Amino acid sequence: MFSRNLDYQNDVEKVIQNPLDWGKLNNKSLLFVGASGMIGTFLIDCLMAINEKQNLNISIYAMGRNLNKLESRFINYKESPNFHLVVGDILEPLSSGVHYDFIIHGASNTHPKAYVSDPINTIMTNIKGTEQVLDYASNNKVERVLFLSTVEIYGENRGDTEKFDESYCGYIDCNTLRAGYPEGKRASEALCQAYIKQYGIDVVIPRLCRIFGPTMLSEDSKASSQFIKNAVNGEDIVLKSEGTQYYSYCYVADAAYALLYLLFNGKNGEAYNIANSEFDLTLRELATKLSEIAGTKVIFEIPDSSESAGYSKATQAILDTKKIETLGWKPIYSLDEGLEQIIRIMKTEE
């Protein structure tokens, strides 16, 4: 497990105690591409925990490019016969030497500095990486693929709706460096639909809002992640704008629960928004809540040019979650619980 911290273990337990159809994974194999990221790490901890609790014999394969990062993230599973590290680049074909029953494709740059410093890989990990996953799925009878998409595919709110449902399509200026991430996700979603139609494979598309949690990477440059690091260190929260941006957020435990729910219950070819409506906040509200928990204050600072180039241009991105809630999913955590939990866990980990 990523952390032996009792609060973190309670997070994992809260997810796996939900009445999911775990038997569908009995004696199955699951590949997570981009495993060492925030969501992959937490989700694998959940799967390993339910594996042990219910003796399901799930074979879990954690794929990433960096062996040291994979080993560090998953050191507690080193001796487990059900856990396997896969070092590889998703831009290359997946090995046909192992049969995967389920694939979760979560490999992608997901924070502003990476969009600017590594723009080509930001696009190609989505488009080319998704092609490799779908090629494998079509040739090897994979039962289901989850392609992790994003709120950013909706672009900018045109002013005609309060919340984005799954049919909404806002404006994205494709002729910018920053467009690589949302346009890469849009093209990848279209590729999923093409493979469903042409090869009859099963793909579900979760569209994730801005996720936060104790498994976030140290290099994560998203504003929410920087706020959390400030709060954990007892520092003032640094807000590099007026903070009027209005976004949906979700605690990583709720996001992992939603992904598992869609793995079992989502409909082929459908996209589903993942967010917690209680976490619809302006950046200023998020910064203020974290500063209150940490006992610090919010200060304002002008971002440098490389930072600002990677920032989303969307000023309002609120997700409508009726579709996944109609399936039966509900978030576990309240706003205060999620924010307090992440600070408590990360302080213990220091």
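Biologist: Is Lys-330 buried, exposed or partly exposed?
Modeller: In this predicted model, Lys-330 has a relative accessible area of 48% and is therefore partly exposed.

Biologist: Which residue does Lys-330 form a salt bridge with?
Modeller: The partner is Glu-325, and the closest N and O atoms are 3.9 Å apart. Glu-325 is itself partly exposed, with a relative accessible area of 23%.

Biologist: How many salt bridges does the structure hold?
Modeller: There are twelve salt bridges. One of them pairs Lys-297 with Asp-236, at 3.1 Å from N to O.

Biologist: Where do Lys-297 and Asp-236 lie?
Modeller: Lys-297 sits in the loop between helix 9 (283-294) and strand 13 (298-300), while Asp-236 sits in the loop between helix 7 (223-232) and strand 9 (237-239), so the pair ties together parts that are 61 residues apart in sequence.

Biologist: And what is the relative accessibility of each?
Modeller: Lys-297 has 49% relative accessibility and counts as partly exposed. Asp-236, at 26%, also counts as partly exposed.

Biologist: What about Lys-322; which residue is its salt-bridge partner?
Modeller: Lys-322 forms a salt bridge with Asp-320, and their closest N and O atoms are 3.3 Å apart.

Biologist: Are these two buried or exposed?
Modeller: Lys-322 counts as exposed, at 58% relative accessibility, whereas Asp-320 counts as buried, at 14%. The cut-offs behind those words are over 50% for exposed and under 20% for buried.

Biologist: Let us turn to the helices. At what angle do helix 7 and helix 9 pack?
Modeller: The angle is about 15°, and the axes of helix 7 and helix 9 are 9 Å apart. That angle makes helix 7 roughly parallel to helix 9.

Biologist: Is the crossing left-handed or right-handed?
Modeller: Helix 7 and helix 9 cross in a right-handed manner.

Biologist: Which residues make the contact?
Modeller: Helix 7 contributes Ala-223, Ser-224, Phe-227, Ile-228 and Ala-231. From helix 9 come Leu-283, Leu-286, Ala-287, Leu-290 and Ala-294.

Biologist: How many of the contact residues are nonpolar, polar or charged?
Modeller: The contact of helix 7 with helix 9 has nine nonpolar residues, one polar residue and no charged residues.

Terms used
Residues are numbered from 1 along each chain as its sequence is written. This is a predicted model: local features need pLDDT of at least 70, side-chain atom pairs count only at pLDDT 80 or more; totals for chains, interfaces and linings use all residues. Side-chain values use heavy atoms; hydrogens and water are left out. A salt bridge is a side-chain nitrogen of Lys or Arg within 4 Å of a carboxyl oxygen of Asp or Glu. Helices (H or I, at least four residues) and strands (E, at least two) are DSSP runs, numbered from the N terminus. Buried means under 20% relative accessible area, exposed over 50%, partly exposed in between (1.4 Å probe, protein chains only). Axes are lines fitted to C-alpha atoms, for helices over the stretch in contact, and angles run from 0 to 180 degrees between N-to-C directions. Angles under 35 degrees count as roughly parallel, over 145 as roughly antiparallel, 65 to 115 as roughly perpendicular and the rest as oblique. A crossing is left-handed if the near helix is turned anticlockwise from the far one by less than a right angle, and right-handed if clockwise. Contact means heavy atoms within 4.5 Å. Ala, Val, Leu, Ile, Met, Phe, Trp, Tyr, Cys and Pro count as nonpolar, Asp, Glu, Lys and Arg as charged, and the others, Gly among them, as polar.
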